[in-house]
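Colleague: Can you walk me through this one? I have a few quick questions.

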Number of protein chains: 2
Amino acid sequence: MSTLTKEAPEEIVSRGRGRPRDEEARSRILQAAIEILETTCFINATTDAIAERAGASKATIYRWWPNKEAVFIEALREAVAQEMPFPDTGDLREDIRLQLQNFVKLLTGRRGRTFKAFMAAAQSDPEVAEAFRKLWIAPRRAQTKAALERHQREGRMSKDVDLEVFIDLLYGPFYLRLMAGHRTLTPALADAVTEMALRAAKD
Amino acid sequence: MSTLTKEAPEEIVSRGRGRPRDEEARSRILQAAIEILETTCFINATTDAIAERAGASKATIYRWWPNKEAVFIEALREAVAQEMPFPDTGDLREDIRLQLQNFVKLLTGRRGRTFKAFMAAAQSDPEVAEAFRKLWIAPRRAQTKAALERHQREGRMSKDVDLEVFIDLLYGPFYLRLMAGHRTLTPALADAVTEMALRAAKD
DNA sequence: AAATTACGATACCGGAAAGTTTCGAAAACC
DNA sequence: GGTTTTCGAAACTTTCCGGTATCGTAATTT
């Protein structure tokens, strides 16, 4: 096991005596980590680079995080927290269409590089992999599933559809193009997938 | 630019004078590269590891390839060459089903780890990315597209379907599960995707 | 004021891995 | 036999990077 943040060694809640932790430095470090993932790839995301971009010291980073990966994971947590929820217009087509449009917008923006970097890093670091699933994949899927279940209950979608598969069918094409890069991600793709998915969900 | 194989510096075709290249060592090296990708991840795929596993010398590797990546790319080329074609039974459902079943079998086997490794490595090395697209993605897509076009021409599939999107819809779910690992790849998934894809392709 | 803790800067350590070089031996040609 | 080119083994160089240690300073509590 491993913790992703360090505790103050002695004090527990610790309204300690000395100089307090610089919360601003903390957010600068996390912000720097995200920005590095957005502009370059994981391989160049060194601790020196984070420290320099954050105007912080490497010692400060290792004072609060046990290793490099923990910084990126916490940065991902904060970055993901501010994402939009699955739409809920009562219209199945519109819900899916809006969601996929937003998804394309997300992936083609700088944030898309972050996800690429994480998926790549997850390949060689199980802890990153679990964090990526837990922080990004799982919440998104749960939200999507809840919305689709409601559509199923209210008769706008066949109850025979296996939602776990359907969700993979929805998002799979975008992740594939993101990772393989054989074609570009466009709003038109979102529309096309929407129509196909709707036919797949009918009957 | 960069060449992926070195030429003998002077002679061109060179039924040269000295000891000839050990073709067996060449295939041992490529085989070792593939096996390493199948059993561990790219990060551990060092040239020392290749040399040791191949019973070859690092000098021999760098005698014939300009760098590590070139070895893996050539290894991928040889590994991919022996893959099965898209089925052609004249039955759309059966063609897709067989193809996806084979795909699942491929990805869950040792070869799957190779593709994961390549997709991850492609993220930080443009040359690997291009090779992966050119050697694996593109041929597979072209073959699939040709088969589906025939189904379209012969009326078993709607001509309105954008095949580029449809192909992403077919394979996307599997790549997604492969890379994200949120759920397992099973033959049942192949069947479920087949049925959904068929509904998406109708009308 | 004294004690305590965090800060930024920077030097340092240790390991890992890409790629090179050297060496003696082996395999071809002339 | 002499020349050439390759081979495997291994030492070597160089670079990079994760992580630690030191130091003088700043911020806070008692």
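Colleague: What percentage of the 203 residues of chain A count as buried?

Modeller: 37% of them. Buried means 20 or more other C-beta atoms, placed from the backbone, within 10 Å of the residue's own. Keep in mind that this is a predicted model: local features need pLDDT of at least 70, side-chain atom pairs count only at pLDDT 80 or more, and totals for chains, interfaces and linings use all residues. Residues are numbered from 1 along each chain as its sequence is written, while chains are lettered from A and ligands numbered from 1 in the order in which they are written.

Colleague: How many helices and strands in chain A?

Modeller: Nine helices and zero strands. Along the sequence the pattern reads α-α-α-α-α-α-α-α-α.

Colleague: What does the C-alpha trace of chain A span along its principal axes?

Modeller: About 65 × 40 × 30 Å. Of the contacts in chain A with a separation of 6 or more, 65% join residues 24 or more positions apart. A contact here is two C-beta atoms, placed from the backbone, within 7 Å.

Colleague: Now the protein pair. How many residues of chain A are in contact with chain B?

Modeller: 39 residues of chain A, against 39 of chain B. On the chain A side, helix 6 (110-122), helix 7 (126-153), helix 8 (163-180) and helix 9 (187-201) each supply at least two residues.

Colleague: Which helix of chain A gives the most to that side?

Modeller: Helix 8, with 13 residues. By class, the side of chain A that touches chain B has 24 nonpolar, five polar and 10 charged residues. Nonpolar covers Ala, Val, Leu, Ile, Met, Phe, Trp, Tyr, Cys and Pro; charged is Asp, Glu, Lys and Arg; the others, Gly among them, are polar.

Colleague: What classes make up the surface near DNA strand D?

Modeller: Seven nonpolar, 10 polar and 11 charged residues.

Notes: Helices (H or I, at least four residues) and strands (E, at least two) are DSSP runs, numbered from the N terminus. A residue is buried if 20 or more other C-beta atoms lie within 10 Å of its own, exposed if 12 or fewer, and partly exposed in between; C-beta atoms are placed from the backbone.
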